[in-house]
Amino acid sequence: MTGLQDRLTPEQVEEFGREMDELRARIVADLGAADVEYIHNVIKTQRGLEVTGRALMYAGFFPPAWLAGVGALSLAKILDNMEIGHNVMHGQYDWTRDPALSSQRFEWDNVAPAENWRHSHNYIHHTYTNIVDKDRDVGYGILRIDPAQRWHPYYLGNPVYATLLAIFFQWGVMLHDLEVDRVVKGERKWSEFREERRRIGRKMGTQIGKDYVLFPLLTGPLAPLTFAGNAAANLTRNLWAFGIIFCGHFPADVESFSEEETEHETRGQWYLRQILGSANITGGALFHVLSGNLSHQIEHHLFPDIPARRYPQIAGEVRAICEKYGLPYHTGPLRKQLWSVAKKIVKFALPGSGDSTPEPATVERDRTPAAA
Amino acid sequence: MAIRAAVRRAAARSGTQASSLASLAERLLTPHGVDRYLELIDPMLVRREIRGEVVALRRPTRDSITLTVRPSRAWQGFAAGQFVRVTVDIDGVRRTRCYSPAGSAHRDGELEFTVKAHEGGLVSRHLHEHGHVGMVLGLSHADGTFALPEQRPDSIVLIAGGSGITPVLSMLRTLVDERYPGEVSLLYYARTPADMPYAEELDELASRRGVRIHVRHTAADGHFTADHLRRVAPWFARATTYLCGPPPLMEAVRTLYADAGIAGQLHTEEFTPPVLTVAASEAGGRIRFTRSGVDVANDGRTLLEQAEDAGLSPDHGCRMGICFSCTQRKVSGVVRTASGGESAEDDEEIQLCVTAAAGDVDIDC
Ligand SMILES: Cc1cc2nc3c(=O)[nH]c(=O)nc-3n(C[C@H](O)[C@H](O)[C@H](O)COP(=O)(O)OP(=O)(O)OC[C@H]3O[C@@H](n4cnc5c(N)ncnc54)[C@H](O)[C@@H]3O)c2cc1C
Ligand code: FES
C-alpha cells in the first residue's frame, strides 16, 4: 500500500492544501442568511415531527397511528442528532452568534451529553482521523475493523458486538465518550472521569425521564404502548446513525494510518489524510439531510465547521481537485457501503489481515495518474 | 393571527398552576426547553429569554429613529439611565449593541429607544433601514451603574449631547412622573434644531414645576462652557450631575468638575468604547477562571484572549467593548479597563474583551 507521505511530492501537497484553503475561504465568505434560514427550517421540521409523534401516541391503540407516531418521532430524533445536533456541535453555526445554534450550548436528544461527545468526536476523532491507536473511532474500542489492530480471541465476537452496538448505539456513544473500553483495560482510571460521569447521570435522568416515564404516563392507559413507541423511535435512530457513521470510515479501501506517518503533519497533509480516510455515500437530497450530510463524509472531514448544506455544493469541486492530484475519492451507495463494512467486521473477527484483495465493487475510485 | 392572540392570552394567565405546568413542560421538552418550541409559534411567547416587539416607530429627525418596544414576559424593568443590550439578526449573524431606554422607568411596559444612524454603522443603519412595526428584537435585562439611585438626590443636573440624550431623558421623565420635589435642570447640546429628536417633549417637560431645560445648538452657538451650566443650574456645585454625550463634551464637563473639586458628584455614560492598549509590562500574576477551574500566567493581553487561549469559550460579540456580550463577574483582583483606569472592586462586572489583569485576578468564568 502506498504510504501516506509518498502519494504526492511535498510541493504537490502544499499546492493541494492551498486549493483546499481557498475553497474553504470562498464558502466562509459566502455564509449568510440563507444558511440560517436553512437550519431554522430543519429545526422547525424536526420540532413539528416531534410534536406530531408525541401526539400520535395518544391514538396508539390504533396501530397505523402508533406506527406513524414511531415514524415521526424516529425522524425527529434522526434530524435532531444528525443534521442539527452533530452539525451545530461542530460549530458550523457559531458564526451566527445565536445561542440556540452555539456549539458550546447545544444539547441533543441523545443520552450522550453534548459536552462529552464534543471532546471525543470533534477533538479526538476529527484531529486524529483514522490513526490507529489514536482515533478512538477506529472500531470504537470494541471492534476490530482494521488489520493494524492486533488480533485477540476477544474479537471472535466482532459481529455480535457490532450488532449490539448498532441496537444500543446512543448508549455506545455515551460509554465511548467515557472511554469505558480503556478503563476496562486498565489504561485509564474510573476516577479520571468523575465530571463526565456526573454529566451522564444528569443527562440519562432527563432523557429516560421524558421518553420512558413522563410521556408514557401522560397517555394514561396507553402508557405501555407509548413506552414501546418511544423505545422503537430510539432504536430506529440508533440503527440509522450506526449505519451512516460506520459507512463514513470503515468501507473497504478507506485507509488508516500509523502514528509515525502522521507526525509533524502540515495542513496539506492533514487534508490529504481526511480524504484518504473518509468515504461518501451517494443518494438523493432527502437521504443527505437524514444522514446529517455525513453522506458527504469527505467534505465534512475537510471542513468540519462549515454548514453541512454546503457539502453537496462543493462536492464536485473537491472531487475534481482529488482527480487532479490522482487521489482516490471514495463513494458508493449505502447498500454497497454497508455490505462492505459488514464483511470487514466478519473478516477481522478472525486472525490475520483478512482477504487483502481490493474490492473494486464496493467503491468507485477515481485514480487517474497525477498530471504532473 | 387569531391563534397567536389566543395562545398569548393563554400564556398570560399565570399563577402557581402555570408555573408547575411550565416545569413539567420543561421536563417533557428537554433538552431544548420550552422556549425553543414556543418561539416557533410566536417569537414573543418565550419565557426565559427576553424579546421585544416593535409596536410603534417614528423618525423624529433625518438620522434618528424612535422605536417603541413591548418586552416579553421575562423583562424585569429598569432604573432610569440604564442600558439594554439589543440584538438584531443581520444577514444571518446576531449583532448586539447597547441602547438606553429614553422613557420613564415607571412606564416599563413599553420601552422607547432612540437610535442615531451612524455612517457605516452596522446595527444603527440596520434599524433605520429595516426597522418596522412587528419586528422582534433580542433584549437583555437592564444593566449599568449610570442610573438614578433609589434615594433620589436633592437636586439633579443632567447634561447631554446628541444621541446621549436618551439615558438622561429617561431620568427626567422618571422624576417628573414621580413628582420629584427637588430641582432638576437639563442642559442639552444638539447640532441644529433639525438634529433634535425630542424637541416637543422637551418643551412640554420644561413647563413642569421644578424643571429647567436649556437647549443649545452647537452649529450656531458653540460648545459647552461653564456659563451655560450656571444659567440653567447656578446651584450645580451642590447637585448630583449625570452626563452623556460625545467625547469632547464629556471631556469639557469633566475638566470643569475636576477644577471645581466636585468630580465625585459627576456620573458619566460613554456610548463609544475607548480602545484598550495593553503594555507588555502589565504581564505578571495569575488569572484564575474559577468556574472552569483553569489557572494561567497573565501575559498582559485582554482577559478574553487569554481565556480563549486557555481553552475557554466565553461569550463575546464585537471584541471591542461595544456589545457587552463578554461581560463576566470579576471576583477579586485589580484590572485595567479600556478607559485607562484601574479597578480593584470585588464582585464587579467587567468586559473581558477590553480589560486586562494587573496582577492576580479571579474571574467567575
Ligand atoms: C451604554 C451604552 C448606551 C448606548 N445608548 C445608545 C442610545 O440610546 N442611542 C444610540 O443611538 N446609541 C447608543 N449607544 C451606542 C450604540 O450602542 C452603538 O454603538 C451605535 O448605535 C453604533 O452601532 P453600529 O452597529 O451602528 O456601529 P458599528 O458598526 O459598531 O460601528 C461603525 C463605526 O461607527 C463607530 N461608532 C460606533 N459607535 C459609535 C458611537 N456611539 N458614536 C460614534 N461612532 C461610533 C465605530 O467606531 C465604527 O467606526 C449606546 C452605547 C452604550 C455603550
Ligand atoms: S463588548 Fe463586545 S465582546 Fe466585549
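Where in chain B is the place of B:Asp91? B:Asp91 lies in the loop between strand S3 (84-90) and strand S4 (93-99) of chain B, where helices (H or I, at least four residues) and strands (E, at least two) are DSSP runs numbered from the N terminus. The structure is a predicted model, in which local features need pLDDT of at least 70, side-chain atom pairs count only at pLDDT 80 or more, and totals for chains, interfaces and linings use all residues. Residues are numbered from 1 along each chain as its sequence is written, chains are lettered from A and ligands numbered from 1 in the order in which they are written, and side-chain values use heavy atoms, with hydrogens and water left out.

B:Asp91, a residue other than glycine, has a positive phi near 45°. With a relative accessible area of 49%, B:Asp91 is partly exposed (buried means under 20% relative accessible area, exposed over 50%, partly exposed in between; 1.4 Å probe, protein chains only). A positive phi, of about 55°, is also found at A:Glu179, again not a glycine. A:Glu179 occupies the loop between helix H6 (169-177) and helix H7 (180-184) of chain A and is buried, at 6% relative accessible area.

The peptide bond from B:Thr30 to B:Pro31 is cis, with omega near 5°; B:Pro31 belongs to the loop between helix H2 (16-28) and helix H3 (35-41) of chain B.

Zero disulfides are found over all chains, a disulfide being a pair of cysteine sulfur atoms within 2.5 Å. The sulfur of B:Cys244 is too far for a bond, because the closest cysteine sulfur, in B:Cys98, is 12 Å away. B:Cys244 is buried at 0% relative accessibility, whereas B:Cys98 is partly exposed at 22%.
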